[in-house]
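Here is a short briefing on one protein chain. Please keep the sequence and the 3D view open while you read.

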Amino acid sequence: MNKKSYSNVMLTVHFQQSEPEGWHSYRGVFTPTGENKFLFEEAAHRQQSAVRNPKLFVGEYISLVHKQNGRYQVHCRTINPSQGLDVSDLAFKVYSELLTALRQID
């Protein structure tokens, strides 16, 4: 990161709201507009968008997602094979979690 100091600077500020909400940090862009003149424009506030595909179930091995088209989708979580992986035991645990997740739909 390069640091540079300017003295005797004229700073013009454009806020998104008419009155700033006290002293806190703002996100935005500094633009040089002339010799020792700068413009700071506050970035537009992001709104939290609605969750498009909410998770209905989050387990140790799977998660169940409700898609926008009305269908359900199962996501398998990552598996760590270094922990003495017993395939039949893993399959049974995934099956058990899937049954639990599907029972929550009804």
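His-66 is partly exposed, at a relative accessible area of 27%. The residue sits in strand E5, which covers residues 62-66. Bear in mind that this is a predicted model.

*Around His-66*

- Ile-105 lies 39 residues from His-66 in sequence. In space, the two are 9.5 Å apart, C-alpha to C-alpha.

*The chain as a whole*

- The protein chain has 6 strands and 1 helix. Read from the N terminus, the order is β-β-β-β-β-β-α.
- The radius of gyration is 26 Å, well over the 13 Å that the globule rule gives for 106 residues, so the chain is more spread out than a compact globule.
- A box of roughly 75 × 35 × 25 Å, taken along the principal axes, is filled by the C-alpha atoms.
- Of the 106 residues, 13% count as buried.
- The chain exposes about 9,500 Å². Carbon and sulfur atoms supply 51% of that area.
- Take the contacts between residues at least 6 apart in sequence: 41% of them join residues at least 24 apart.

*Charges and the salt bridge*

- The protein chain carries 12 positive and 10 negative charges. Their mean positions are 5 Å apart.
- Side chains of opposite charge can pair when their charged atoms come close.
- How many salt bridges does the count come to? The count is 1.
- Lys-93 and Asp-89 form a salt bridge through their side chains, at 3.3 Å from N to O.
- Both Lys-93 and Asp-89 lie in helix H1, residues 87-105. They are 4 residues apart, about one turn of the helix.
- Lys-93 has 34% relative accessibility, so it counts as partly exposed. Asp-89 is at 33%, and therefore also counts as partly exposed.

- Glu-42 belongs to strand E3, residues 37-42.
- Is Glu-42 buried or exposed? Glu-42 is buried, yet it has no salt bridge.
- Which side chain of opposite charge is nearest to Glu-42? That side chain is Arg-27, 9.0 Å away. A salt bridge needs the nitrogen within 4 Å of a carboxyl oxygen.

- Asn-8 has a phi near 55°, a positive value in a residue other than glycine. Asn-8 is placed in the segment before strand E1, residues 10-14.
- With a relative accessible area of 73%, Asn-8 is exposed.
- Asn-36 has a phi near 60°, again a positive value in a residue other than glycine. Where is Asn-36? Asn-36 lies in the loop between strand E2, residues 28-34, and E3.
- Asn-36 is partly exposed, with a relative accessible area of 34%.

Notes
Residues are numbered from 1 along each chain as its sequence is written. This is a predicted model: local features need pLDDT of at least 70, side-chain atom pairs count only at pLDDT 80 or more; totals for chains, interfaces and linings use all residues. Side-chain values use heavy atoms; hydrogens and water are left out. Helices (H or I, at least four residues) and strands (E, at least two) are DSSP runs, numbered from the N terminus. Buried means under 20% relative accessible area, exposed over 50%, partly exposed in between (1.4 Å probe, protein chains only). Lys and Arg count as positive and Asp and Glu as negative; His and the chain ends are not counted. The radius of gyration is taken over C-alpha atoms; the globule rule is 2.2 Å times the number of residues to the power 0.38. Contact means heavy atoms within 4.5 Å. Accessible areas come from the Shrake-Rupley method with a 1.4 Å probe; for residues, only the protein chains shown count as cover. The place of a charge is taken as NZ of Lys, CZ of Arg, CG of Asp or CD of Glu.
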